[in-house]
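Have the model open as you read.

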Amino acid sequence: MERDLYDEDHDAFRDMVRDFISRYVTNAQRERWDAEGEVDRETLRRAGEAGILGLAVPEEYGGGGMLDDYRFRAVVMEEVIRAGAGSLAGALGIQDDLVVPYFVHFGTPEQKARWLPGLASGEIIGAIAMTEPGTGSNLRGITTTARAVEGGYVVNGAKTFISSGATADIVITVVKTGEGDGPQAFSLLVVERGAEGFDQGKKLHKMGFAGHDTAELSYADVFVPAENLIGGEEGHGFVQLMKNLPLERLSIAVAAAAASEAGLEWTLEYTRSREAFGQPVIDFQNSRFQLAGVAATVDALWAYIDKAMLLYRDGKLSAEEAAKVKFWTTEREGEVLDVCVQLHGGYGYILEYPIARAYVDARVHRIYGGTNEIMREIVGRQLAGRR
Ligand SMILES: Cc1cc2nc3c(=O)[nH]c(=O)nc-3n(C[C@H](O)[C@H](O)[C@H](O)COP(=O)(O)OP(=O)(O)OC[C@H]3O[C@@H](n4cnc5c(N)ncnc54)[C@H](O)[C@@H]3O)c2cc1C
């Protein structure tokens, strides 16, 4: 089904993204990221130079000035995922969708001037650390503390599963600055690479997204200057997180649809050329029925997500709507990619094939950004009138 989300500016931008991919997202590069467990800095700097990173950063700080209009980011996601480079899509997504918005929305003028230009150019890599070894879904259960001292804070605790955590230059860290677990107990502190007592730990060996680092972080009496407190005032961390989570969930949904569409394209190509019993696999009625189902699902995914992108642009994507979009789309993605792997036969299980990588990458979409059970809980609470 033809989508009507994009105009000629997006089409021209898509050409730029394709040009970037044809030059810098080769198979050899992708294999190198997988082997090293991270996307190299040079590629991120090139993405910054090409204007496909930092889209959410205001123009005055060297970015694209498109935080509210997700369509340009969606173009990047679609093209990078279609190129089979899920790990690069992940690295770009953490920076633009998860890290930059905290500075744009809540940063003091000094914080914006200090960090946004580097985040836009790719000179600075950012991460956000919420999850801890003992708690993920229940954010209010975190135990990492920041004790106020002369000129700043002393942070103690541990985080885990942090995307871009090993390579990050700055990590927005969710800390407790107050007592209890009420919203005012939490703040966001920017902890910088190299701070004494801050260990960016080992990269975790994951099922998918092999080329994007995910790390454990530990904080042992780390001094963080007061000027690194996002927004400059304590006790706003929880509200800041709640404001940005819908965007994180929208971006996961876009990645899910992009991977589903790419999966369909790879599978059409494969089943047209692969023969069994003397005929192309696509000529079996079962293959055509399965592909018809996948094609309809991909149309439905985009129709739903395109609407969500417009709601987001207009400031109307509620937490509940974002949660609904996130769980529904990522579950459809799982079904679609499962069919696509099956139609590839044995080759669908081999990581050289993009469908196999997309399949393992997709699994985490139902887990991170808030698990799908938590998404259903958010929606269910609203339906039950208990927001
Ligand atoms: C590859 C990867 C990248 C990640 N990147 C980041 C990152 O950059 N930053 C970051 O902070 N975190 C990140 N995470 C962490 C991720 O967000 C958490 O793993 C996720 O929120 C779940 O938390 P948990 O692992 O502690 O699971 P738990 O909270 O222990 O949940 C375990 C199970 O219990 C279920 N459950 C929990 N509570 C309820 C409930 N109330 N009702 C019903 N079921 C429930 C969950 O849905 C899940 O199925 C990442 C994780 C992965 C795997």
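Helix α4 (residues 71–82) and helix α7 (residues 237–273) have axes that come within 9 Å and cross at roughly 40 degrees. That makes α4 oblique to α7. Helices here are DSSP runs of H or I with at least four residues, and strands are E runs of at least two, numbered from the N terminus. The axes are lines fitted to C-alpha atoms, for helices over the stretch in contact, with angles from 0 to 180 degrees between N-to-C directions. As for the angle labels, under 35 degrees is roughly parallel, over 145 roughly antiparallel, 65 to 115 roughly perpendicular, and the rest oblique.

All of this comes from a predicted model, where local features need pLDDT of at least 70, side-chain atom pairs count only at pLDDT 80 or more, and totals for chains, interfaces and linings use all residues. Residues are numbered from 1 along each chain as its sequence is written, and side-chain values use heavy atoms, with hydrogens and water left out.

On the α4 side, Ala74, Met77, Glu78, Ile81 and Arg82 do the meeting, and their partners in α7 include Ser251, Val254, Ala258 and Trp266. Contact means heavy atoms within 4.5 Å. Sorted by class, this contact of α4 with α7 has nine nonpolar, one polar and four charged residues (Ala, Val, Leu, Ile, Met, Phe, Trp, Tyr, Cys and Pro are nonpolar; Asp, Glu, Lys and Arg are charged; the others, Gly among them, are polar).

Now for the second pair. The axes of helix α9 (residues 319–343) and helix α11 (residues 372–383) come within 8 Å and cross at roughly 140 degrees. So α9 is oblique to α11, and their crossing is left-handed. Among the α9 residues that meet α11 are Phe327 and Thr330, with Met375 and Ile378 among those on the α11 side.

Which residues come nearest the ligand? Of the 18 around it (a heavy atom within 4 Å), they are Thr131, Ser137, Phe161, Thr371 and Glu373.

| Residue atom | Ligand atom | Distance |
|---|---|---|
| Thr131, polar side-chain atom | nitrogen | 2.7 Å |
| Phe161, backbone N or O atom | nitrogen | 2.8 Å |
| Thr371, polar side-chain atom | oxygen | 2.7 Å |

Finally, Arg147 sits in strand β2 (residues 145–149). Leaving aside neighbours within four places in sequence, Arg147 is in contact with Gly152, Tyr153 and Val154.

Definitions and conventions
Polar contact = N/O pair within 3.5 Å; in protein donor to acceptor, adjacent residues only side chain to side chain. Left-handed = near helix turned anticlockwise from the far one by under 90°.
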